[in-house]
Amino acid sequence: MRLENGMKLYHGTDAYFGEIQIAGHSSPFRDFGEGFYLTSFFNQARAQAQRKARGRNTAYVYKYEVRSFKRNNYRILELLQYNKAWLDFLKYNRVYGGREIGVPESWQNLDIVYDRMADNTWSTIDLGRYSRNEMESDEVISDLAKSEQWDQYCFKTARSLRLLVRIDIADVSD
């Protein structure tokens, strides 16, 4: 789903916070590197929050609305198909932490990245074997057809974070 004004996005976590902080709170080795990750699916955010809380902490889902969004004002990467480019972008971040030399210019200095998948299907991707050239991209991608498909949005810059207006916080603890 393309990012639009008025869109509702959810962030699942075990942390209660006020202002969104990226530095020190996000790993460069996530799907899209450092950033603030959200989804358009409440249930996906709830599952993420409960997974992080593991029954020990309170699980929260933060609800945000996208406001004042003008697509042309941001560097956006849309990964709307499972293909080799999508898989290589994940490898670039998950394996190299976004620090591999010689990557396409379109992957650099991004404000927002989004795709149709999140970490709950990540376990089906054998990125290690793909990175070592032991598996072809089409073989890895075909495994995804068997998985439930979600989405994820990563806001990577302070400028992009200003688009998010918090609407609500829900306690979703078990």
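Helices (H or I, at least four residues) and strands (E, at least two) are DSSP runs, numbered from the N terminus. Residues are numbered from 1 along each chain as its sequence is written. This is a predicted model, in which local features need pLDDT of at least 70, side-chain atom pairs count only at pLDDT 80 or more, and totals for chains, interfaces and linings use all residues; side-chain values use heavy atoms, with hydrogens and water left out.

**Whole chain**

Colour by secondary structure. The protein chain has 5 helices and 7 strands, in the sequence order β-β-α-β-β-α-β-α-α-β-α-β. Of its 174 residues, 46% count as buried, where buried means under 20% relative accessible area, exposed over 50%, and partly exposed in between (1.4 Å probe, protein chains only). Next, show the surface. The accessible surface of the protein chain is about 9200 Å², and carbon and sulfur atoms hold 45% of that; the areas come from the Shrake-Rupley method with a 1.4 Å probe, and for residues only the protein chains shown count as cover. Contact means heavy atoms within 4.5 Å. Among contacts in the protein chain with a separation of 6 or more, 84% are between residues 24 or more positions apart.

**Helix H1**

Select residues 42-53, which form helix H1. The expected span of a helix is 1.5 Å times one less than its number of residues. For the 12 residues of H1 this gives 16 Å, and the end C-alpha atoms are 16 Å apart, which agrees. Show the side chains of Gln 44, Ala 45, Gln 48, Ala 49 and Ala 53, the buried residues of H1. Viewed down the axis of H1, these buried residues fall within an arc of 165°, so they line one face of the helix; the arc is that of the directions from the helix axis to the C-beta atoms. An α-helix has 3.6 residues a turn, so residues three or four places apart point the same way. The cover over the buried residues of H1 includes strand E1 (8-13) and E3. Just after H1, check Arg 54, with a positive phi of about 50°.

Move to Glu 65 in strand E3. Is Glu 65 buried or exposed? At 16% relative accessibility, Glu 65 counts as buried. Its side chain makes a polar contact with the side chain of Lys 8 at 3.1 Å. A polar contact is a pair of N or O atoms within 3.5 Å; within protein, one must be able to donate a hydrogen and the other to accept it, and residues adjacent in sequence count only if both atoms are side-chain atoms. Leaving aside neighbours within four places in sequence, residues in contact with Glu 65 include Gly 6, Met 7, Leu 163 and Val 165.

A nonpolar core is a set of buried Ala, Val, Leu, Ile, Met, Phe, Trp, Tyr and Cys residues joined through side-chain atoms within 4.5 Å. Of the 21 residues in the largest such core, select Leu 3, Leu 9, Phe 36, Tyr 64, Phe 155 and Leu 164, which touch the most other members. Strand E2 (36-38), E3, E5 and strand E6 (152-155) each supply at least two residues of this core, and E3 gives the largest share, 4 residues. A second, separate core of 20 residues includes Tyr 37, Leu 90, Tyr 92 and Ile 141.

**Tyr 114**

Centre on Tyr 114 in strand E5 (residues 112-115). At 0% relative accessibility, Tyr 114 counts as buried. Its side chain makes a polar contact of 2.4 Å with the side chain of Glu 78. The C-alpha atoms of Tyr 114 and Glu 78 are 5.3 Å apart, across 36 residues of sequence. A polar atom of the Tyr 114 side chain also lies 3.2 Å from the backbone nitrogen of Leu 3.

**Helix H2**

Select residues 84-94, helix H2: 8 of its 11 residues are buried, so it is largely enclosed by the rest of the structure. The buried residues of H2 include Trp 86, Asp 88, Phe 89 and Lys 91. At the N-terminal end, Asn 83 caps H2, with a side-chain oxygen 3.2 Å from the backbone nitrogen of Ala 85.

**Two loop residues**

Finish with Ser 68, in the loop between strand E3 (60-66) and strand E4 (76-79). Its phi is near 60°, a positive value in a residue other than glycine, and at 64% relative accessibility Ser 68 counts as exposed. Then select Asn 133, in the loop between helix H3 (127-131) and helix H4 (137-144). Phi of Asn 133 is also positive, near 60°, and Asn 133 counts as exposed at 68% relative accessibility.
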